Every structure is written in structure tokens, then in C-alpha cells.
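Here is a short tour of a protein chain, written to be read with the model open beside you. Please take a look at the sequence and fold before reading on.

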Amino acid sequence: MSECRKENLAHFAVTVISKDRPGIVADISEVLYRLGCNLEDSSCTMLGGDFAMILIISHEKPFTKARLSEEFKLLHERTGLVVYIRTLAEDEVCPVKEQGELCLISVYGSDRPGIVYRVTKELAERKINIADLNTKLIGTKEEPVYVLMLEAALPDGMSVDDTAAVLEKLKKELSVEISVRVITPVSL
């Protein structure tokens, strides 16, 4: 048996979307706390005026998606939060271990369609795994600036300098600034 398998636990991926307001995280975590769920992994962000959150939760078996859905349905009726729940299979529970070096890729330039596609396509063609991606439109209405930030795991044998060289051609084609730097992992 793999050391990351947790046969006595049921795991779920929970996605939450709502118009932003104070207290959303508290509402969600209260439901999970009342049910006795463990919050194993999470990410949340603001997208325009909406709030989006993805969670990986666990609970000792027997525990069902229906029970979880029932509690979130009550929260939806009270607050309008939209929640989607997916049961995770045992092979989806293990955290992905990054291979190779971690890097942060920053892209800045005039706003235009295709920046995310072109950069991520170059990375995908070289088997560079994107672990996190954020975009923002900054600047002014007259001069909008597009910002793309990627956290990526490089495949074995590929360096940060190799990655920067790969993206050099895109800097000219897209008229953007691109920087690539090492992320030093933090041990807990």
C-alpha cells in the first residue's frame, strides 16, 4: 500500500463561487467544522467582483457527498454561495510531488489577447508543470498593463536559465517583459 493512501478517509474537492463579501471563508469553514471535516488543501482568490475557492477536504468514513451537499445547500439558500462537490478517488488523494526546480515566471506588457495562451503553450511543450497561475489588469484605462504570474515546476534536467531562454523569443513577439527566477522551497 502506498504511504499516501488514506483508506479510512473520504476525500472531496469543493469549489465555491460567490459575489465577494466579508465572511465567505468563515461560512465555508463553519460548515466543515460542524461536520468534522479536515481542510487538507485550499486556494482562494478574487476574480473581478467574485470570490472563488477550491478546497480538498477529508472526513473519516463512512461519510457521503450527499451529507456534505445537504449542508452546503442550506448555506446556499442563506447566502447565495454556489458550491460544487466532487468525490476524489484514492489515486487522486496523494499530493503531487514536484520534480526538478521550482521557478516564478513574471510577464508584464500591454493588454492583448493571447498572452496566457502563448506563454503556457511554450511551457507545456517543454513539460513544464504550472502549479499556480494569476493574472491581473493594472495600469490605467488609457494604458492597461497585463500581469501574468506563474509558479512552475521544471522537468529534471531543465534549469531556470533554460526556461528564460525558451521564453526570450516570446518577449519580442508579444512585446512583453518576461522574467524567470528560482523559488526556494520552504521546509516546515
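Predicted model: local features only at pLDDT ≥ 70, side-chain atom pairs only at ≥ 80, totals over all residues.

A residue is called buried when its relative accessible area is under 20%, exposed when that value is over 50%, and partly exposed in between, using a 1.4 Å probe and protein chains only. By that scale R86 is partly exposed, at 34% relative accessibility.

Residues are numbered from 1 along each chain as its sequence is written, and side-chain values use heavy atoms, with hydrogens and water left out.

## The chain as a whole

The chain contains 4 helices and 8 strands; helices (H or I, at least four residues) and strands (E, at least two) are DSSP runs, numbered from the N terminus. Reading from the N terminus, the order of elements is β-α-β-β-α-β-β-α-β-β-α-β. The C-alpha trace spans about 55 × 50 × 25 Å along its principal axes. Of the 188 residues, 32% are buried. A contact here means heavy atoms within 4.5 Å. Among contacts between residues at least 6 apart in sequence, 70% join residues at least 24 apart.

## Two helices that pack

Two packed helices are described by the angle between their axes and the distance between the axes. Helix α1 (residues 24-35) packs with helix α2 (residues 65-79) at an angle of about 145°, and their axes are 11 Å apart. The axes are lines fitted to C-alpha atoms, for helices over the stretch in contact, and the angles run from 0 to 180 degrees between N-to-C directions. The α1 and α2 crossing is right-handed; a crossing has that name if the near helix is turned clockwise from the far one by less than a right angle, and is left-handed if anticlockwise.

On the α1 side, the residues in contact are D27, I28, V31, L32, R34 and L35, and they meet R67, L68, E71, F72, L75, R78 and T79 of α2. Sorted by class, this contact has 7 nonpolar, 1 polar and 5 charged residues. In that sorting, Ala, Val, Leu, Ile, Met, Phe, Trp, Tyr, Cys and Pro count as nonpolar, Asp, Glu, Lys and Arg as charged, and the others, Gly among them, as polar.

## Salt bridges

Side chains of opposite charge can pair when their charged atoms come close. A salt bridge is a side-chain nitrogen of Lys or Arg within 4 Å of a carboxyl oxygen of Asp or Glu. The structure has 14 salt bridges, and here are some of them.

| Salt bridge | N to O distance |
|---|---|
| R67 and E71 | 2.8 Å |
| R86 and E92 | 2.9 Å |
| E125 and K121 | 3.2 Å |

What separates R67 and E71 along helix α2? The two are 4 residues apart, which is about one helical turn. R67 is partly exposed at 33% relative accessible area, whereas E71 is buried at 11% relative accessibility. Both residues also belong to a network of salt bridges that links E30, R34, R67, E70 and E71.

E125 and K121 lie 4 residues apart in helix α3 (residues 115-125), a separation of about one helical turn. E125 is partly exposed with a relative accessible area of 48%, and K121 is partly exposed at 37%.

## An aromatic pair

Rings of Phe, Tyr and Trp (its six-membered ring) pair if their centres lie within 6.5 Å; planes under 30 degrees apart count as stacked, over 60 as edge-to-face and the rest as tilted. The structure holds 1 aromatic pair. The ring centres of F12 and F63 are 6.0 Å apart and their planes are at 70°, so the pair is edge-to-face. F12 is in strand β1 (residues 9-19) and F63 in the loop between β3 (50-60) and α2, so the pair ties together parts 51 residues apart in sequence. F12 and F63 are both buried.

## Two further sites

S106 sits in strand β5 (residues 102-110). Is S106 buried or exposed? S106 is buried, with a relative accessible area of 8%. Not counting residues up to four places away in sequence, S106 touches L148, M149, E177, I178 and S179.

P155 is in the loop between β7 (144-153) and α4 (160-174), and is partly exposed at 22% relative accessible area. With residues up to four places away in sequence left out, P155 touches R126, K127 and I128.
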